[in-house]
Amino acid sequence: MVGTDDGAGMNFAFLTDPLSELKPAKDSSVAMMREAARRGHEVWALARPTLAWRDGVVSAQAQRIDPAAQPATGAAKWFCVLDKEMRPLTTFDAVLMRQDPPFDTEYLVATWLLERAQAAGARVHNDPRAIRDHSEKVALTEFAEFAPPTLIARDAATLAGFIDELGEVILKPLDGMGGRGVFHVRHDDPNRNAIVETLTDYGRRSIMAQRYLPAIREGDKRILLIAGEPVPFALARVPQAGEARGNLAAGGTGIARPLTARDREIAVALGPTLWARGLFIVGLDVIGDYLTEINVTSPTCFVEITEQTGFDVAAQVIDALERQCA
Ligand SMILES: Nc1ncnc2c1ncn2[C@@H]1O[C@H](COP(=O)(O)OP(=O)(O)O)[C@@H](O)[C@H]1O
Ligand SMILES: [Mg+2]
């Protein structure tokens, strides 16, 4: 059931990648849509290509959907469309920005437009300005006491010095996701200079170099913060044999585990600060005892945590949204 007639239901709009590209069985945004619909709220999907500003009003083509429907035709469809109209973003109780990177110019434009919608009264999560201010890789520098030895640079000699000093490092682009472009490099690797040249485009692009953390073999833990509060279970993404990257997109296996004391220490230290900036859903990546990434664009792993532990992450989000909108 979607929507209510008694006025108690709220209407939530999700700005995501195209609905047809979402994998409903594993997608965190779909999990939130389904939980919202289950509670009788209206669920709307906003089409990014139609987002527009005109005379102070930010609107988008909005489809009201039933995310739990299994239409008889088109077996791949996980939703059915109940309504479709061009709507100002201010007409929703909340707008959830859930688009995946790349954080390119169009992403930036979306945050600018959403910021105008917000100025006109729309409630947008995560806060568009905060998304813009937080590079998922560079934001780590603000919380360096929790990070492993890290260098952000583009100069070949500076990077070479770091690799020699640490002996074994991870090199990664600043705008990647899903493990894309992540290299595990030892100081005596005959390809090390070519890797640095390729990642930095011969010194034109800054990258991150980080101490290689052997604890990655126990997994890259995704710790979710919802309105500043940690989800009590992390999803440890364990790399496949012979693979450096734990990302599920790189074939990693997700195993839910209760937060360790250190995980909780990091979560409690960052949670309130990030939430005060309007970062409603945050995904910290923690390897062993170290923070390695702060994901703010469209953090995932809800479904895997819920399936393995019974702790309903989407419900924690919708609870928090209902409190916000009450
Ligand atoms: N310091 C590190 N030590 C060991 N492995 C790392 C380190 N940083 C990243 N990795 C590996 O690379 C993967 C992706 O890194 P991450 O920084 O989270 O970037 P992405 O945005 O691609 O997820 C991790 O899951 C992990 O397997
Ligand atoms: Mg990551």
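How many of the 326 residues of the protein chain count as buried? The share is 44%, where buried means that 20 or more other C-beta atoms, placed from the backbone, lie within 10 Å of the residue's own.

Residues are numbered from 1 along each chain as its sequence is written, and chains are lettered from A and ligands numbered from 1 in the order in which they are written.

The average pLDDT, the predictor's confidence in each residue from 0 to 100, is 95 for the protein chain, with 96% of the residues scoring at least 70. Over residues 1-7, however, the pLDDT is below 50. Where pLDDT is low, the predicted coordinates should not be read in detail.

As for overall form, the C-alpha trace spans about 65 × 45 × 40 Å along its principal axes.

Turning to ligand 1, there are 25 residues around it, each with its C-beta atom, placed from the backbone, within 6 Å of the ligand, and those that come nearest are Ile 170, Gln 210, Leu 213, Asp 220 and Gly 246. This shell divides into ten nonpolar, seven polar and eight charged residues, with Ala, Val, Leu, Ile, Met, Phe, Trp, Tyr, Cys and Pro taken as nonpolar, Asp, Glu, Lys and Arg as charged, and the others, Gly among them, as polar. Because domain 2 (149-212) and domain 3 (216-325) both contribute residues to the shell, ligand 1 lies between them, the bounds coming from an automatic or database domain assignment.

Technical notes. Predicted model: local features only at pLDDT ≥ 70, side-chain atom pairs only at ≥ 80, totals over all residues. Contact = placed C-beta atoms within 7 Å. Buried ≥ 20, exposed ≤ 12 C-beta atoms within 10 Å, placed from the backbone.
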